[in-house]
Amino acid sequence: MDRGKLTILRGLPGSGKSTRAKQIRDQDGALIISNDDFLTNPVTGVYTYDHKKWTDARNSCRFNVALAMKKGVPHIVVDNCFIFKNPIEWYRDLAFRHGYDVFVEMVGSTDPDAITEYKERQVHGVPENVYDDMVKGFQ
């Protein structure tokens, strides 16, 4: 049996992670899972940023990735910011337990000019002060 593949996309909001995830899906049928799934209304498709629901969103994403691995989905893409690197380790451990190879891809950059563009482009309505904190903390 072939090993599964877990692709982790990380980068600032507006850097193009979701676009990259869709490119991967279109190339090989990968399943995209994101914290954003939990914060998006399933009927309207409208995303609503709510920091009070962030822990639930993270837990939902982790649950869905684990479930997809248990079902043997051949390629899973996790499309989250991963501002800090340590949350990636949770996914690495899960992938190891399920026989998946892990690939981490940084989307975009932390260049000041790029950040200005990302702030304008991001569709999640992340407040500027929160965005600036994300930039400062990005590892």
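Okay, quick background: we're looking at a predicted model, where local features need pLDDT of at least 70, side-chain atom pairs count only at pLDDT 80 or more, and totals for chains, interfaces and linings use all residues. Residues are numbered from 1 along each chain as its sequence is written, and side-chain values use heavy atoms, with hydrogens and water left out.

So, how many salt bridges does a search of the whole structure find? Seven. By salt bridge I mean a side-chain nitrogen of Lys or Arg within 4 Å of a carboxyl oxygen of Asp or Glu.

Let's start with R25 and D26, whose side chains pair up at 3.3 Å, N to O. D26 is exposed at 60%, while R25 is partly exposed at 34%.

Next up, helix α4, residues 112-121. Helices here are DSSP runs (H or I, at least four residues), numbered from the N terminus. E117 and R121 both sit in helix α4, four residues apart, about one turn of the helix. Their side chains form a salt bridge at 2.8 Å, N to O. E117 is partly exposed at 41%, and R121 is partly exposed too, at 40%.

Last stop: K119. Its side chain meets E128 in a salt bridge at 3.4 Å, N to O. K119 is partly exposed at 26%, whereas E128 is exposed at 54%. And which residues are linked in a network of salt bridges here? K119, E128 and D132.

Technical notes:
Buried means under 20% relative accessible area, exposed over 50%, partly exposed in between (1.4 Å probe, protein chains only). Helices (H or I, at least four residues) and strands (E, at least two) are DSSP runs, numbered from the N terminus.
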